[in-house]
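User: I'm new to this and would like a close look at a single part. Could you walk me through one stretch and tell me what is there?

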Amino acid sequence: MSERVDTSSREPVALAPAIGQTPNRARILARLRSRPTARGAAIMLAILVAAALFAPFLAPQDPYDLAALSIFDNRLAPGAQSMDGAVYWLGTDSQGRDMLSAILYGLRISLVVGLSATAAAATIGTLMGLLAAYVGGLVETAIMRVVDFILGFPTILVALILLSAIGRGVDKVILAIVIVQWAQYARIMRGSVLVETRKEYVEAARNFAIPGWRIMLVHLLPNALAPILVVATVQVASAIMLESTLSFLGVGVPITEPSLGLLIASGFEYLLSGEYWISFFPGLALVVLVFSINLVGDRLRESIDPRRR
Amino acid sequence: MTLFILRRAIQSVFVLLAVSIVVFFAVYAIGDPVELLVSPDTSAAEREVMIRRLGLDLPIWRQYLVFLGNLAQGDLGTSFVHGVPAVELILQRLPATLELVVLSLVIAVSIGLPLGMIAGLAPETRTARTIMTGSIFGYSLPAFWQGMMLIFVFAVFLNWAPAAGRGDTVSLLGIEVSFLTADGWSHLILPAINLALPNLALVLRLAASGTAEARLQDYVKYARAKGVRRGRIVRRHILRNILVPVVTVIGVEFGSLIAYSTITETVFAWPGMGKLLIDSVYQLDRPVVVAYVMIATFIFVSVNLLVDLAYAVLDPRVELEKGAS
């Protein structure tokens with residue numbers, strides 16, 4: 001849980017921005033575009049985000065309006081027709097809910113949770129890491145001890161215990177994810193600020209008697225931000241995955257809200273009798289979403305990594 | 001060495017104390033267990049007796065001190081639901097979880113390491129790209145869904161392996177194990193694969209980046225110039241050097257796998273300690289939840305220490321005393 005023996009020299013190399021040679025944005029984007037998988041993943045991601053954004057217009061049915069559901073249409077196979085003639089392309093669940101509509105609404109929750117949790121965790125973590133590295137001393141020790149403590153535990157366990165204490169809800173899931181994720185940013189930020197503070201421009205800023213907060217926010221922050229952005233991309237994916245897992249386990253989003261994890265869980269009992277679609281399609285949507293975010297994140301990391309230029 | 005272990009042991013005690021405080025107070029915010037334990041028609045007097053017997057009438061900090069006092073004697077409390085000591089309940093379930101975790105690590109390393117080395121030896125080839133993209137797919141699969149799909153394909157559709165439960169066990173040195181019976185294996189294999197996949201991807205990526213790095217080092221070039229056979233270079237010069245990060249990950253992941261097994265055990269109805277944790281959370285069985293976290297933390301801390309000691313064996317350049325300061 002505490003300090004590892006020094007093998008850490010491996011990791012920062014991959015994450016630290018090119019020291020002394022700030023990566024050129026145009027070149028990074030060009031490299032990113034030249035990768036067919038990255039392009040495919042980015043397009044896929046754009047489609048999913050658009051689908052989630054326009055879900056109320058695209059979805060054939062409002063899956064959480066109980067009046068719109070017909071119990072007579074329950075557990076219909078993909079492609080089956082409803083009582084009033086509409087086609088359920090991805091089938092229906094045990095309450096007669098159109099799976100396609102439920103998935104579109106579920107993607108909204110996934111993205112809201114993933115993006116807002118990541119934004120909050122990245123902001124808090126970045127500021128904490130900056131503070132720890134720049135101020136040093138007791139502040140640094142205190143912050144980094146807490147970071148070590150949090151990172152010493154598997155995220156799922158911390159989030160599970162936390163949510164069982166504070167109860168279910170979208171806001172609470174976001175809170176739990178922020179609590180488990182901010183520490184990671186703090187550790188990375190501290191590392192990259194420690195490298196930056198030794199550079200001459202910081203020395204120069206100090207000699208001009210520029211106030212500490214200004215050096216931190218205006219001089220250090222932009223220069224140490226690159227690795228944070230790469231990690232944040234991947235963390236969006238892991239936040240989405242964590243939300244669905246917690247909802248699946250029954251401690252995440254309440255059943256009145258659309259969540260892919262809940263949809264998958266609700267199909268579990270029918271899976272054993274061969275009615276695969278209730279669990280399969282929401283899971284597929286989740287996988288494609290997470291996979292495309294991770295692919296984009298991975299290619300982004302490769303493009304920024306100075307060793308692969 | 002001794003000093004290092006001693007210092008780490010003292011640190012570990014503090015970690016355990018901190019965890020006990022956090023978890024104790026977090027868990028005690030969960031609803032009122034008395035409501036669940038007494039039937040609605042119990043008289044108010046009987047309720048009082050019940051509350052007093054469970055120690056729930058004391059203020060929370062007093063409850064914590066009582067808990068600490070009992071902890072010092074190795075007692076982590078008695079399960080509200082089962083009425084037996086929580087430690088006993090968890091230790092009973094521990095072998096089932098360990099079996100799953102160990103097998104899944106074996107799967108992850110025996111497939112991930114060679115695939116990663118193949119990708120790392122020729123990083124720009126199509127094979128390597130496919131393997132690396134595949135590994136991203138591997139850790140993009142949500143464990144619970146991936147397990148359900150394993151059940152659907154191999155248990156429901158192909159009917160090759162059972163969908164749930166632990167199957168036949170045999171007693172080995174007083175511990176029930178399932179890896180000695182054919183039925184046990186058939187029950188074990190799907191959950192183990194389920195738990196292994198994310199780590200397989202992780203080991204693979206580590207092995208690939210380690211190999212790609214080691215391949216360009218001077219000692220490898222020298223060995224090649226000397227005319228050492230390729231197989232020997234890979235085994236003696238590259239493999240040995242990438243083992244350090246891989247061992248770290250196995251060690252650290254061993255702890256998280258115990259936690260992540262909650263998902264696998266829920267999906268496959270595997271009677272391990274993860275399933276017990278989820279059930280206890282639902283039933284508001286506070287002592288079991290607290291005891292689980294304490295035991296899990298103890299396992300993490302011990303494994304981390306073992307990992308650091310393993311470095312010294314694998315990599316003679318590592319100095320433990322320096323690492324501890």
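Analyst: Let's take the stretch of residues 107-297 of chain A: its end C-alpha atoms lie 19 Å apart, and the span is 84% helix and 0% strand. Helices here are DSSP runs of H or I with at least four residues, strands are runs of E with at least two, and both are numbered from the N terminus. This is a predicted model, where local features need pLDDT of at least 70, side-chain atom pairs count only at pLDDT 80 or more, and totals for chains, interfaces and linings use all residues. Residues are numbered from 1 along each chain as its sequence is written, while chains are lettered from A and ligands numbered from 1 in the order in which they are written.

So what does the record say about our stretch? UniProt, in an unreviewed entry, lists residues 107-297 of chain A as "domain: ABC transmembrane type-1". Its positions follow the numbering used here, feature names are shortened, and annotations may be inferred rather than shown by experiment. The unreviewed entry also gives "transmembrane region" for several parts of chain A, including residues 109-134, 146-167, 216-242 and 276-297.

Now zoom in on two of those. Residues 146-167 of chain A are 82% helix and 0% strand, with end C-alpha atoms 24 Å apart. Over residues 276-297 of chain A, you get 95% helix and 0% strand, and the end C-alpha atoms are 31 Å apart.

As for the model as a whole, it scores ipTM 0.80 and pTM 0.82.
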